[in-house]
Amino acid sequence: MTANAPITQDVLTLPRKLPEGGKTNLVGMTRDQMRQALIDIGTPEKQAKMRVGQIWQWIYQWGKRDFAEMTNLSKALRAQLEESFEITIPEVITRQISEDGTRKYLVRIAGGHEVEVVYIPEDSRGTLCISSQVGCTLTCSFCHTGTQRLVRNLTSAEIIGQVMMARDDLDEWPVPGTRNPDEARTLSNIVLMGMGEPLYNFDNVRDAMKIAMDPEGIQLSRRRITLSTSGVVPEIARTAEEIGCLLAVSFHATTDEVRDKLVPINKRWNIAALLEALRAYPHLSNSERITFEYVMLAHVNDSKEDAHRLAKLIEGIPAKINLIPFNEWPGAPYKRSSGNRIHAFSDIIHDAGYASPIRKPRGEDIMAACGQLKSATERARKSRKQIEAEAGVKS
Ligand code: SAH
Ligand code: SF4
C-alpha cells in the first residue's frame, strides 16, 4: 500500500464462534452476549444476569480459567459451562525484560499471528501498552508498525486478553473475595498505543475496554485508560460517547503539508477537521485533557515556528503535549531531533500555558519504545527506498 492509496477499514474480523465442535470463548463477550450464551445452554432467563456477574468476577477479578474453581456456581452449572465454553487468552511466546524494567511480550493469537504488548513500570503507576490490530492499514512514515501491512483486527477477547496475560505475568490476581483497589495495582493504567489504529477496530476495542472499566470486570477507572488515534475523525465523538476513556491524538505536525507526509490519514481528515472533533470531545475538562502526541523529527517538524504554530492551533483545548523523541528503527527515513531543539520546543509550548513533558524512551534495548513494535512473523517490510519515497524525504 502506498501513502496515496485509499485508507480502508475493510479488514477481516474473526467470527466469535469457533468452528463446529470447538468450545466458545467466554473472554471478551459483552454482558449481553454472555447472558445470551448462558440462556442458550439452558440457564433460566431469570438467573442469567446474576450468573454473568459471578462468572465475570471469576474471570476478570480473580483471574480464574477453570470452571471447577467457580465455587459459588452449582456443580451442574460448572459441568455445563465446561462442556460448552472455554476461557482462553493469547499465548505468550517470548518475554523480554529491559534494563529499565520494561517488559515486552510477544503473544500469539488465532491464525498464528503475533502481536506485541509492553508493560512500563513507573514510580506511581504501571502502564500496559496494548495492541488493537496485527499491523496497521495506515502508513505513517515514521512508524515501524506502519511498514507492516494489516493482517487483521484483534477480537475483543484478544484485546482484553493482553491485560489478563500481563496480570498473570505480574502475578497480581487478588485472592477471591478480597478487593484490589486501584492504588495498590502493579498494572494500573492501559494505553491503546501498541500496534494498530484502535478506531479502525472500534467495536472490539469498545467491548474490551468496557470489560476493563466494569466494576465486575478488570475494575480500572476510565481515567486510567488512554486511547491513541492517528485522527479517525468520525469515530472521535463515538469514543467519548461509547467508551468515555481519555484520548490521545498523534498530531505530529503543524501544517497540512507536513502532516500529509507524516500521518497520511491527514489527507482524508485534515488538521482543521481533526481539531474541530477534538474541541467537541464531550468529556473535556481540566482533569480530562487531550494528550497531543508529537514525535520529534530532526528538521522536519521541530522548529520554533512549529512550536508557536502548535500552541496557536490548540488554543482553547485543555491539552497536554507529549513530546516523543523519535525512536529509530532499521531503515527509518528520519533522525531524532537534538536535545536542544526538543527543549526549545518544549519551552515554547510550556510558556504558552501547556504541560509539555518530553517522553523518556523506555525499553529501547529491547525495541519496545513507541513505534518500534513489529511482530516477528510479519517482516515483509518495505524497502528503505520505498519508505523514503512515501515520506518525501531523501537520506
Ligand atoms: N495507531 C495509533 C496508536 C499507536 S502508535 C496512533 O497512531 O495514535 C502510539 C504513538 O507512538 C503514536 O503517537 C505514534 O505516532 C507514535 N510513534 C510511532 N512510531 C514512532 C517512533 N518511531 N518514534 C516515536 N513515536 C512513534
Ligand atoms: Fe498505524 Fe499509529 Fe503507526 Fe500510524 S502511528 S502507522 S496509525 S500504528
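In the predicted model, Glu-288 is buried, with a relative accessible area of 6%. The side chain of Glu-288 meets that of Arg-222 in a salt bridge, with an N to O distance of 2.8 Å. This pair links distant parts of the chain, since Glu-288 belongs to the loop between H8 and E12, whereas Arg-222 belongs to the loop between H5 and E10, 66 residues apart.

Side chains of opposite charge can pair when their charged atoms come close. A further salt bridge is formed by Arg-95 and Asp-169, whose closest N and O atoms are 2.8 Å apart. Here too distant parts of the chain are linked: Arg-95 is in strand E3 (residues 91–97) and Asp-169 in helix H4, 74 residues apart. Arg-95 is partly exposed at 42% relative accessibility, and Asp-169 is likewise partly exposed, with a relative accessible area of 25%.

Glu-172 takes part in two kinds of interaction. The residue is located in the loop between helix H4 (156–170) and strand E9 (189–192). With a relative accessibility of 9%, Glu-172 falls under the 20% limit and therefore counts as buried. A salt bridge joins the side chains of Glu-172 and Arg-167 at 3.6 Å, N to O, and both of these residues are buried. The side chain of Glu-172 also reaches the backbone nitrogen of Thr-186, at 3.0 Å.

Helix H5 spans residues 202–213 and comprises 12 residues. From its first C-alpha to its last, H5 reaches 16 Å, close to the 16 Å expected at 1.5 Å a residue. The helix is mostly covered, 10 of its 12 residues being buried.

Asp-203, Arg-206, Asp-207, Glu-235, Arg-238 and Glu-242 are linked in a network of salt bridges.

Aromatic residues were examined next. A pair of aromatic rings is described by the distance of the centres and the angle of the planes. The count comes to 4 aromatic pairs. In one of them, the rings of Trp-56 and Tyr-60 have centres 5.4 Å apart and planes at 75°; the angle is over 60 degrees, so the pair is edge-to-face. Both residues lie in helix H2 (residues 45–61), 4 residues apart, about one turn of the helix. Trp-56 is buried, with a relative accessible area of 2%, and Tyr-60 is buried as well, with a value of 0%.

Another of the pairs is formed by Phe-251 and Phe-292, with ring centres 5.2 Å apart and planes at 75°, so that this pair is also edge-to-face. Phe-251 lies in the loop between strand E11 (246–250) and helix H7 (256–262), and Phe-292 in strand E12 (residues 290–296), so the pair ties together parts that are 41 residues apart in sequence. Both Phe-251 and Phe-292 are buried. The ring of Phe-251 has a charged neighbour too: the charged end of Arg-259 sits over this ring, 5.6 Å from its centre.

Ile-265 is found in the loop between H7 and helix H8 (271–279). At 1% relative accessibility, Ile-265 counts as buried. The C-alpha atoms of Ile-265 and Gly-231 are separated by 7.0 Å, although the two residues are 34 residues apart along the chain.

Conventions:
Residues numbered from 1 in each chain as written. Chains lettered and ligands numbered in written order. Predicted model: local features only at pLDDT ≥ 70, side-chain atom pairs only at ≥ 80, totals over all residues. Heavy atoms only, no water. Phe/Tyr/Trp six-rings, centres within 6.5 Å; stacked < 30°, edge-to-face > 60°. Buried < 20%, exposed > 50% of the residue type's maximum accessible area, 1.4 Å probe, protein only. Lys NZ or Arg CZ within 6 Å of the ring centre and 35° of its normal. Polar contact = N/O pair within 3.5 Å; in protein donor to acceptor, adjacent residues only side chain to side chain. Expected span 1.5 Å × (residues − 1). Salt bridge = Lys/Arg side-chain N within 4 Å of Asp/Glu carboxyl O.
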